[in-house]
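Dear colleague,

Please find the structure below, handed over together with my notes on it. I would be grateful if you read the notes with the coordinates open beside them.

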Amino acid sequence: MDRDFTAGFDHPMNDPRRVMAEMLQSRRQNFSLPQAFYNDASMFKLDIEEIFEKEWIFAGMTCEIPTRGSYITVEVGSNSVIVMRDNTGAVQGFHNVCRHRGSRLCSKAKGKVAKLVCPYHQWTYELDGRLLYAGNNMGNTFDPSDYSLKPVQVKTGGGFILICLAEEPPAVDDLIFTLGEYLEPYDMENVKVAAESTLVEQANWKLVVENNRECYHCNGAHPELLNSLQEFDDTEDPRATPEYKALVARKQAEWSAQNIPWQLRRFGQRSRLTRTPLLEGTVAMTMDGKPACTKLMGRIQNPDMGSLRIFHLPNSWNHFMGDHAVVFRVLPLGPQHTVVTTKWLVHKDAVEGVDYDLAHMRRVWDATNDQDRRLVEENQLGINSKAYQPGPYSETYEYGVIDFLQWYSEQMLSNLGYGQDHLRIVGK
């Protein structure tokens, strides 16, 4: 039986960090988490502090900030972050906090500025974060160099922007290099966002990720997606059929001849890249399986690129096809509120209504996102019941969920200061 640490969880004598560690140490292997991990405010606070403020988070794409002064803002818990191009073209990250009295500098999700100017008292910052102007009333001893914006660590690779709020971020250069290698054919500096959607889902962020990590539910929930998507992407998957393995071998030979990377690459349980075929006769995740955009991306000459699947914990999954890409970002808003942002990318010179029909491009994932929203919201409502107790995952169909929760448990314990030696997950 799972031990119940939730009784008196809010009592001042209970340390939430210790309680969380003990719950992780005693959870049953290959079972869902205890209820508090999905709906408790103290647990959510630790998720933000120990995962989202310490790990590398997917923020957006470099094509969203194409020129100097272009910026996006990203909300990580209570931390607002500005990601922007400076005057040299480099991508910089700053806390969206004026050094005067703490006002936000940028209130919009995206934009372009010549300088960063605080709307409160007009303190003005250069695009590299240096304070340029603080008025004439700060006194003779005031030194502007002491009041640059607080930096946020940024890494870019293959068009992806990752940020980390930790002072000493974990190593990620291996992933950054591989993203550049695998996305080289797409010429990611010459793509654009054709469309964007935002869904606020009434569910814990871990339920959103768990739902993405398995296709056990696909047959019953995603008819549009299954017009083109293979339910698995690895020939070692126990469900892989001889027909799928033969298709993979044929497509891999074609991709190799075109110098298109396809090999499965893993970075622990944190990140994964692989290119896998779509269903025979389909080349894009559209209702009819045909290209959504006639202008292909980068140097790609053949639309039949399958899907380059890129997964990065804790908050992103992505599909890159020959004609367009779909990228996803997950950010927690509260214990039972999560925002999922989806962006459709095309060649920067593709013209809507000429090279692509936006409704045709969006239809599959708009439908799938809404179906997934309903699934995780119903999942959350059931978990909130007093009848909920952790249930078993299928090792055949839900191994991706098992991997995610193993990563989450190990990273949380390590970041809490317990380390992997303290991870004592009991057997079934």
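R275 lies over the face of W255, at 5.8 Å from the ring centre, where a charge is taken to sit over a ring if NZ of Lys or CZ of Arg is within 6 Å of the ring centre and within 35 degrees of the ring normal. R213 is likewise placed over the face of F311, at 3.5 Å from the ring centre.

Before going further, please note that this is a predicted model, in which local features need pLDDT of at least 70 and side-chain atom pairs count only at pLDDT 80 or more, while totals for chains, interfaces and linings use all residues. Residues are numbered from 1 along each chain as its sequence is written, and side-chain values use heavy atoms, with hydrogens and water left out.

On the aromatic side, the count comes to 14 aromatic pairs, a pair being rings of Phe, Tyr and Trp (its six-membered ring) with centres within 6.5 Å, called stacked if the planes are under 30 degrees apart, edge-to-face if over 60, and tilted for the rest. One of these pairs, Y216 with Y397, is stacked, at 5.2 Å centre to centre and with 25° between the planes. This pair links distant parts of the chain, since Y216 is in the loop between α5 (205-212) and α6 (218-221) and Y397 in the loop between α8 (358-383) and α9 (399-416), 181 residues apart; helices (H or I, at least four residues) and strands (E, at least two) are DSSP runs, numbered from the N terminus. Y397 counts as partly exposed, at 35% relative accessibility, on a scale where buried means under 20% relative accessible area, exposed over 50%, and partly exposed in between (1.4 Å probe, protein chains only). The rings of F328 and W365 have their centres 4.8 Å apart and their planes at 65°, so this pair is edge-to-face. Here too distant parts of the chain are linked, with F328 in strand β16 (residues 325-334) and W365 in helix α8, 37 residues apart, and both F328 and W365 are buried. Ring pairs also join F37, F52, W205, F404 and Y408 into a cluster.

Turning to the cysteines, the structure holds 1 disulfide, a disulfide being a pair of cysteine sulfur atoms within 2.5 Å. It joins C215 to C218, with an S to S distance of 1.8 Å, and the torsion about the S-S bond is about -105°, so the disulfide is left-handed. Both C215 and C218 are buried. C118, by contrast, is in no disulfide, and the nearest cysteine sulfur, that of C98, is 3.8 Å away; C118 counts as buried at 2% relative accessibility. The sulfur of C293 is 14 Å from the closest cysteine sulfur, in C63, which is too far for a bond, and C293 counts as buried at 1% relative accessibility.

On a 1 Å grid over the protein atoms alone, a cavity is a set of points where a 1.4 Å probe fits but cannot get out, and a pocket is an open set with protein on both sides within 12 Å along at least five of seven lines, lining residues having an atom within 4 Å of a point. Grid points are joined across faces, edges and corners, and a volume is the space filled by probe spheres set on the points. The largest cavity has a volume of about 80 Å³, and its lining includes F328, N369 and D372; the elements that give two or more residues to this lining are α5 and α8. The largest pocket has a volume of about 770 Å³, and of the 39 residues that line it, the closest to its centre are N212, R213, E214, D233 and R309. The largest share of the lining of this pocket, 4 residues, comes from α9.

Finally, some backbone details may deserve a look. The peptide bond from L313 to P314 is cis, with omega near 15°, and P314 is found in the loop between β14 and β15. Q122, a residue other than glycine, has a positive phi near 65° and is partly exposed, with a relative accessible area of 39%.

With kind regards
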